[in-house]
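Student: I would like to learn how to read a few features of a protein model, going one at a time. Could we look at the structure together and begin with a single side chain?

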Amino acid sequence: MGIQRLGIIGSGIMGAGIAEVAAKAGIEVVLRSRKQETADAMVASLEKSLGKQVEKGRIEEAAAKEVLARVSATSDLQALAGCDLVLESVVEDLAVKQALFGELGGIVSDTAIIATNTSTLPVVELATVVPNPERVCGIHFFNPAPAMALVEIIRPITASDATVAAATEFAQACGKTTVEVQDRAGFIVNCLLFPYLNNAVRMLENGTANRDDIDAAMKGGCNFPMGPLALLDLVGLDTSLSILDALYAEFRDPNYAAMPTLRRLVAAGHLGRKTKRGFYDY
Ligand SMILES: NC(=O)c1ccc[n+]([C@@H]2O[C@H](COP(=O)([O-])OP(=O)(O)OC[C@H]3O[C@@H](n4cnc5c(N)ncnc54)[C@H](O)[C@@H]3O)[C@@H](O)[C@H]2O)c1
């Protein structure tokens, strides 16, 4: 039967994007945020985004209404009890995610899958806090979720084949291309991407080139759609720092040791696009 009812926890960039993708794929979505106002605001912003898509002729008005009708908002974790899959997408912090998984373990049914959208954290350390660790895996969407084609399916050593198969089927039903990857920090994409992004900050710090030239060089020279410093701002500098710290903790490779500028920007609360200030002003 596949996944028919999806719970999403976290109302940040990723939670909102995944909600749109899943609702468009015909899946009922329950969005859970700690505050009801925030959860409601996500639905309101989805409505606005769908309205723009109707204006541009990308979706029929009736279809947009159907998409919106599939999404409900709650602040109550218990409202996720009837979901076939719960995907958490809260802040990249192991202790926060473990506490959440601990609560979820007592709420969802024995047959439900609990998944994480973590970019780097060890999925097995989330699996071991729930009663059915075989039903936990990673489902890693990319940012912005509606536009990016890939989803990484992360297989911790505790996951059953059925869990990985169901997660893969869900991501494909959302129209995404999937790759399966073992539970190692950074999986495939971030493990390869973040040394590059971190080294762009190193280059800025040591004065090799300025911000605009570093970004222009990688766009024009490698045909990348955006430069590394603009991409860090898009990902979020706090999330980027957490990713580098987790990669460094796992592999001890100096390329993963976050550059001081990144740490200082995060300390200052300049987190990139989401705070309208990072390497660029927005
Ligand atoms: N930003 C990206 O490019 C990207 C891409 C793929 C995956 N991810 C992953 O998705 C997850 C969410 O990232 P995001 O970019 O949406 O972050 P975000 O900063 O936009 O949102 C984080 C969310 O976590 C919530 N939160 C913060 N502290 C919390 C707590 N103590 N308890 C419960 N909720 C809390 C916030 O209210 C917010 O809703 C992270 O695990 C991140 O690694 C991010």
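Tutor: Let us start with R70, whose side chain reaches the backbone oxygen of A23 at 2.5 Å; please keep in mind throughout that this is a predicted model.

Student: Where is R70 found, and is R70 buried or exposed?

Tutor: R70 is found in the loop between α3 (61-69) and β3 (71-74). Residues under 20% relative accessible area count as buried, and R70, with a relative accessible area of 18%, is therefore buried. Leaving aside residues up to four places away in sequence, R70 touches A23, G26, I27, E28 and V29.

Student: Which loop holds G57, and is G57 buried or exposed?

Tutor: G57 lies in the loop between α2 (36-55) and α3. The cut-off for exposed is over 50%, so G57, at 61% relative accessibility, counts as exposed.

Student: How should I read a pair of packed helices?

Tutor: Two packed helices are described by the angle between their axes and the distance between the axes. Here the axes of α10 (residues 237-251) and α11 (residues 260-267) come within 9 Å and cross at roughly 135°. Angles over 145 degrees would count as roughly antiparallel and those from 65 to 115 as roughly perpendicular, and α10 and α11 are therefore oblique to each other. Their crossing is left-handed.

Student: Which residues make the contact of α10 and α11?

Tutor: On α10 they are L237, D238, L241, L244 and D245, and on α11 they are L262, R263, L265 and V266. The residues of this contact divide into 6 nonpolar, no polar and 3 charged.

How values were computed. Residues are numbered from 1 along each chain as its sequence is written. This is a predicted model: local features need pLDDT of at least 70, side-chain atom pairs count only at pLDDT 80 or more; totals for chains, interfaces and linings use all residues. Side-chain values use heavy atoms; hydrogens and water are left out. Helices (H or I, at least four residues) and strands (E, at least two) are DSSP runs, numbered from the N terminus. Buried means under 20% relative accessible area, exposed over 50%, partly exposed in between (1.4 Å probe, protein chains only). A polar contact is a pair of N or O atoms within 3.5 Å; within protein, one must be able to donate a hydrogen and the other to accept it, and residues adjacent in sequence count only if both atoms are side-chain atoms. Contact means heavy atoms within 4.5 Å. Axes are lines fitted to C-alpha atoms, for helices over the stretch in contact, and angles run from 0 to 180 degrees between N-to-C directions. Angles under 35 degrees count as roughly parallel, over 145 as roughly antiparallel, 65 to 115 as roughly perpendicular and the rest as oblique. A crossing is left-handed if the near helix is turned anticlockwise from the far one by less than a right angle, and right-handed if clockwise. Ala, Val, Leu, Ile, Met, Phe, Trp, Tyr, Cys and Pro count as nonpolar, Asp, Glu, Lys and Arg as charged, and the others, Gly among them, as polar.
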